[in-house]
Amino acid sequence: MSQTPDTPTSRETKTVQAMHAPDTQTGAVIPPIHPSTTYLRGAENELVGPTDYRRPEGPTEMQAAEVLAMLDGGADARLFPSGMAAIAAALESVPTGGHVIAQTEMYYGARLLFQRAQRLNRITLNLVPPGDLDALTAACRPDTDLIWIETPANPSWAIVDIAKAADIAHAVGARLAVDSTCAPPCTTQPIQLGADLVMHSATKYLNGHSDVLAGALVTAKADENWDTIATLHSQTGGVPGPFDTWLLLRGLRTLFVRFERQSASALFLAKALKDHPKLSAVHYPGLESHPGHAIAAKQMTGGFGGTLSIQLKDGYDAARKLAASTKLFFQATSLGGVESLIEHRKPIEGADSPCPSDLVRLSVGLETPEDLLADLLQALDRAN
Ligand code: PLP
């Protein structure tokens, strides 16, 4: 589908132009949405266009998948109706009884899904702390099929060394999958660091406007495992709608500039808050004091992201009060959108989560950073 001109072209240029794919029939620079579920065949039963049916992919989904595969440097990509649907497809590719290693601290919804699969004896599961490569190595078995890492990991933004995790996985013949939702491909390309599979909740930075639910898997190689995922994608019909996909394509065009600005503003806030008398901790991989900073600096080349977490000395109630006292930050879940969000995380994740009860998660948007700081400072004044 791509008509990218034959000139040296950066990933950012390709993303801004969504692979330079104007509509050839009308000359529209922005390609139309293709809602049609079915596509014509010719006299010899040959396909007229690139597909016969919108499950698994119509032309709009194919264009978005092409942008995502290009961005991550992968061999192929598939779109799903949510990040969780993409995670479920990756998990479904593990053979029955297969061994999976994931993290004690990660997006809690994914952890719960893995734990459910373990309870049902679908898989055997070990959880290790994010970034603890000794624990990861120790958990590996000859039958380990999938190692699932998330970096930076919700909600302390612990960093996992992707290249080292890939070596550990490959030493036992396992696949390394990376939930790169909080480090989109404008800053980290896990496949270039050795990962086999990349997962994105496109609901977050990739779309960036809090108005699309979508997910994606990108593969390093079009191998047998990818074949399984692609077949499941088609057979289970976990495909997004064309309007959502078109909105995602629109959001993707500004990914690089949004992420750069969000990262700069988050770093500004992290530095401004780190010695605040009401806070016991500020977690942001861009701070030199963050335990994963050196690795993050190596593998997050386009910024440390717009998410940070803070912990309040006065505990649970102060955290709850803070999240309810901001005037610009919306008290709402999610991350990666243009508007800033604040969330007291423990009540969301539940009692079983290792998330500290005094932790407040911030997603920094595109507002003026000084306005955001003033908002947090006035809210901190009121949080006792
Ligand atoms: N992975 C991470 C890191 C997330 O933060 C989320 C959602 O919050 C997901 C996966 C799931 O994505 P979705 O909400 O699009 O299903």
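**Exercise 1. Find which helix gives the most to the shell around the ligand, and sort that shell by class.**

Step 1. Helix α3, residues 83–92, gives the most, with three residues. Helices here are DSSP runs of H or I, at least four residues, and strands are runs of E, at least two, numbered from the N terminus.

Step 2. The model is predicted: local features need pLDDT of at least 70, side-chain atom pairs count only at pLDDT 80 or more, and totals for chains, interfaces and linings use all residues. Residues are numbered from 1 along each chain as its sequence is written, and side-chain values use heavy atoms, without hydrogens and water.

Step 3. Sort the shell: five nonpolar, six polar and three charged residues. Asp, Glu, Lys and Arg count as charged; Ala, Val, Leu, Ile, Met, Phe, Trp, Tyr, Cys and Pro as nonpolar; the others, Gly among them, as polar.

**Exercise 2. Say which residues of the second largest pocket are closest to its centre.**

Step 1. The volume of this pocket is about 360 Å³.

Step 2. Of its 23 lining residues, Met84, Tyr107, Ser201, Lys204 and Ser334 are closest to the centre. A pocket is an open set of points on a 1 Å grid over the protein atoms alone, where a 1.4 Å probe fits, with protein on both sides within 12 Å along at least five of seven lines; lining residues have an atom within 4 Å of a point.

Definitions and conventions. Grid points are joined across faces, edges and corners, and a volume is the space filled by probe spheres set on the points.
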